[in-house]
Amino acid sequence: MSLHHIFQEDAYGDQPVAENFWHRSFSKQALGEPLCDEQSCEVAVVGGGYTGLSAALKLAQQGVDVAVLDAQHIGWGASGRNGGFCCLGGTIADDADLIDRYGEADARRYFYAERAAIDLVAELLEQNSIDADVVSKGETVLAHKARRVDQLKDTAADVQKRYGISCTFHDKDELAELGMMASGLSSGLTIPIGFALHPYKYARGLAETVKAQGGRFYEQTSVLGITPAADGQYVLKARTGQLRAQKVLLATNGYSSENMPEWMAGKYLPVQSNILMSRVLSDEELKRQGWFSNQMAYDTRTLLHYFRLLPDNRMLFGMRGSVSATPHARKRMRTATRRDLERMFPEWVNVETPDFWSGLACLTHKLVPFAGAVPDTQGLYAAFGYHGNGIAMATYAGQLVAAEMLGAATKMPYPSFMKQAPIEFPFRTMRRHLLALSYTWFELKDRLL
Ligand SMILES: Cc1cc2nc3c(=O)[nH]c(=O)nc-3n(C[C@H](O)[C@H](O)[C@H](O)COP(=O)(O)OP(=O)(O)OC[C@H]3O[C@@H](n4cnc5c(N)ncnc54)[C@H](O)[C@@H]3O)c2cc1C
């Protein structure tokens, strides 16, 4: 038994995450032993990121005997590597497209869900006393070219239409006053929704809460197969043991496999995102560049740069790209990320950036997340596909799917399209390589338009 991944095996090992600042800056103490012998539980959750943890929390709170299994450790995947932007998102389809495809009512349900997802994270942090270094009042989008101002206007109009909330425009002088000066920026827009956090502290905080509610963890346990047994239960097989469960949730997102189970094949597309982190910057260095705000920000590129100053004055700078996960490709990506950081923040050309890491987010063909039952099965569920914006949406999807598993009515906005099983990508065996073509087009568009 082996897992069939669509990226090179290196992406699923420890190299891309070896310099992860988040892991280094917080306890990685084991939360559970590897699975051994024969065990059983009511619900098995495969994947210990936000999706799995938030589902496990809701289930454990209802007295369900739940076990979370992770191939590595809790928060090892994207949930322990991301930029910490807890903001609107989860889809990359635009509002008009969602309305067109799914109708006004269902699209509107999704817009409410995006907002409710952020509130849910805030509630979980507060209710469970999780200290995750929260900063930033909303998010700021920065026009990387004067002619991208129209994009800011469209975003402001969408937010107004969705929630009746006004965004704030900033001209160049105002950006300077706010401490958000970077090369090439012409103006900005603050959307007053969302906040930034330490992603791994959040994941660990959720896990500790699950444990306190009676949930179990099996770490260093790669689930290699899920088979239905004659008694209607599922048997999850790992190298060192097996777990019987009445219900199973697949919460593997960008780290999913084509054959675990076969149903996943072709339905998800992992995309790499990469983060470079500077050393602590001095007040003088911040002033010289004119960037001293803790506001989370990103630019108007399609292959956008996202960046924010941490509470201790390290600069986090991230960007998507590269369809290859070899050590050589990672080295090239590190160079490209450093080059773009220097272009945007020229006063920091001599500042060291000791930490660089990559991880896998996940797309679906229809560009919307899935959270629901796997068709034609009894008791098998999945949630994935947050399009690089999963802090809020993965947390939310986990709770939606947990409510489904409990058969409980939920007041949480739950658009019906999120329950529709994703369709396969065309040319599914080629999908990672085809992504390279999209990247080339996006780069060209960002440069020319
Ligand atoms: C570099 C980067 C930056 C990002 N920045 C942001 C951001 O700023 N804001 C935002 O909202 N989102 C961001 N995202 C996306 C966000 O991190 C993800 O959408 C979210 O963490 C997904 O959570 P998850 O629990 O579904 O998956 P993950 O956290 O990826 O967890 C999946 C887990 O499944 C486990 N697994 C896989 N297969 C098996 C198996 N067979 N057996 C056992 N375990 C298995 C893996 O080990 C992994 O731990 C970013 C992603 C990356 C990679």
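I began with L276, whose bridge partner in β15 is F317; helices (H or I, at least four residues) and strands (E, at least two) are DSSP runs, numbered from the N terminus. The model is a predicted one, in which local features need pLDDT of at least 70 and side-chain atom pairs count only at pLDDT 80 or more, while totals for chains, interfaces and linings use all residues. Residues are numbered from 1 along each chain as its sequence is written, and side-chain values use heavy atoms, with hydrogens and water left out.

I then followed the pairing of β12, where two strands pair if DSSP finds at least two bridges between them. Six bridges join β12 to β15 (residues 314-320), and the two run antiparallel. Nine bridges join β12 to β16, also in an antiparallel arrangement, and I noted that I275 stands opposite W357 in β16. I recorded β12 as largely enclosed by the rest of the structure, because 10 of its 12 residues are buried (under 20% relative accessible area, with exposed over 50% and partly exposed in between; 1.4 Å probe, protein chains only).

Next I looked up the ligand. Of the 37 residues around the ligand, T51, D70, S79, F85 and V223 come nearest, a residue being near if one of its heavy atoms lies within 4 Å. For polar contacts I looked for pairs of N or O atoms within 3.5 Å. An oxygen atom of the ligand is 3.0 Å from a polar backbone atom of Y50, and a nitrogen atom of the ligand lies 2.9 Å from a backbone N or O atom of A71. In the side chain of N82, an N or O atom is 3.2 Å from a ligand oxygen. I noted that the protein covers 98% of the 1,000 Å² of accessible area that the ligand has on its own (Shrake-Rupley method, 1.4 Å probe). The elements that give two or more residues to the shell are α2 (50-61), β12 (269-280), β16 (355-363) and α10 (390-406), and α10 provides the largest share, three residues.

The peptide bond from M260 to P261 is cis, with omega near -10°. N253 belongs to the loop between β11 and β12 as well, and has a positive phi of about 40° although it is not a glycine.

Methods
Polar contact = N/O pair within 3.5 Å; in protein donor to acceptor, adjacent residues only side chain to side chain.
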